[in-house]
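Morning, everyone. I have one structure to walk through. Please take a look at it first.

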Amino acid sequence: MAVAAAVTMSLPTAAWADTLKMGLLVPGSVSEEGWNRIGYNALKGVEKELGAQVSYVELQQNPASFEKAFRDYASQGYDIILGHGFEFQDSALDVAPDYPDTVFLISSSHIYEGNVIGLNTDTSQPFYLMGLVAAKMGKKAGLVGGMEIPPIQQAFEGFKNGARSVDPEFPISEAYIGNFSDTTATKEAALSMIAQGVDFLMPNASGATIGGYQAIAEAGKNVGTFSIFSDFTEVAPDHILGLYVADYAQGVVKVARMIQEGDVPTQNYEFGLKDPEVMKFTFRDDVKNPVPADIRAAVEEVRAKIAAGEIQTRAR
């Protein structure tokens with residue numbers, strides 16, 4: 001009941017027939033840096049650039065609440081509803097046939113079925129570059145994920161493929177905490193890996209990701225990492241070698257503009273290193289042990305080949 005009330009109260013009452021209306025569903029709080037904030041920034045981008053009327057609702061990992069939120073927005077005439085995460089896909093597929101005039105966009109999804117359209121940012125590509133750096137600079141890597149779902153698995157697949165393009169036997173540990181909210185569990189999993197000799201660690205657990213960076217900072221060892229999705233540099237300033245920041249808003253605005261103009265996509269959309277306005281990968285110079293120039297040059301060469309389609313970062 002509490003979730004239902006939160007959903008209902010978040011919806012605006014005014015409506016204008018000539019104004020694009022877009023709703024957002026996020027699996028957590030938009031106040032935290034990371035995945036949920038990216039979805040919120042995308043919504044605000046649509047509001048700013050397209051003059052849209054927007055609304056959002058924060059939800060827990062509960063498929064029943066997902067479906068209700070989709071129905072609440074669609075029944076109020078929203079043109080676009082973005083479910084920000086693969087976990088929203090099944091609920092959108094259940095609801096969409098009842099609202100053919102609403103477009104249901106799903107982040108981190110390859111779906112294209114009627115008015116349900118996936119928007120995927122191929123994070124296996126920047127993770128491939130991180131894996132390459134890990135294998136060139138470290139001795140053992142660790143991957144700590146939230147839930148074992150395709151977007152996380154694909155990112156980690158990219159990391160492993162990148163590392164093993166350097167050394168096929170490079171050791172990599174992998175673990176999942178089973179949710180996206182338990183910061184303590186992420187931290188404990190990361191500390192356990194560091195205690196077992198991991199000197200390059202990547203957390204990828206949405207809101208719980210910060211626990212991995214806290215572990216890296218507190219371990220007191222020379223453990224390298226990259227900041228993902230948002231800038232976590234202040235959490236582990238001596239360990240974050242570079243940043244992968246997804247300006248997902250630019251991709252969402254592009255698709256929303258198409259829909260606003262009546263040109264609904266006829267396939268899913270996938271963004272990658274070929275879209276530098278969406279996917280930004282940079283190194284830090286102000287870190288204790290920066291990535292050496294020769295490794296940076298190797299990364300740039302590989303980045304160009306990935307963007308050109310010459311290197312596949314995961315199985316298709």
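How do the residues lining the largest pocket divide into nonpolar, polar and charged? Five are nonpolar, 11 are polar and one is charged. On the classes: Ala, Val, Leu, Ile, Met, Phe, Trp, Tyr, Cys and Pro count as nonpolar, Asp, Glu, Lys and Arg as charged, and the others, Gly among them, as polar.

Before going on, a word on the basis. This is a predicted model, where local features need pLDDT of at least 70, side-chain atom pairs count only at pLDDT 80 or more, and totals for chains, interfaces and linings use all residues. Residues are numbered from 1 along each chain as its sequence is written, and side-chain values use heavy atoms, with hydrogens and water left out.

Back to the pocket. Its volume is about 220 Å³. There are 17 lining residues, and the closest to the centre are Pro27, Gly28, Gln60, Phe180 and Ser181. A pocket here is an open set of points on a 1 Å grid over the protein atoms alone, where a 1.4 Å probe fits, with protein on both sides within 12 Å along at least five of seven lines; lining residues have an atom within 4 Å of a point. Grid points are joined across faces, edges and corners, and the volume is the space filled by probe spheres set on the points.

Next, salt bridges. The rule: a side-chain nitrogen of Lys or Arg within 4 Å of a carboxyl oxygen of Asp or Glu. How many does that give? The count is 15.

One of them joins Glu270 to Arg314, at 3.3 Å from N to O. This pair links distant parts of the chain, 44 residues apart. Glu270 sits in strand β12 (residues 269–271), and Arg314 in the segment after α10 (293–307). Helices (H or I, at least four residues) and strands (E, at least two) are DSSP runs, numbered from the N terminus.

Buried or exposed? For burial, under 20% relative accessible area is buried, over 50% exposed, and in between partly exposed, with a 1.4 Å probe and protein chains only. Arg314 is buried at 8%. Glu270 is partly exposed at 26%.

Now Asp286 and Arg284, bridged at 3.1 Å, N to O. Asp286 is exposed, at 59%. Arg284 is buried, at 7%.

Then helix α10 itself. Glu300 and Arg303 both lie there, three residues apart, about one turn of the helix. Their side chains meet at 2.9 Å, N to O. Glu300 is partly exposed at 37%, and Arg303 is buried at 18%.

Last, a network. Salt bridges link Glu67, Arg71 and Asp98.
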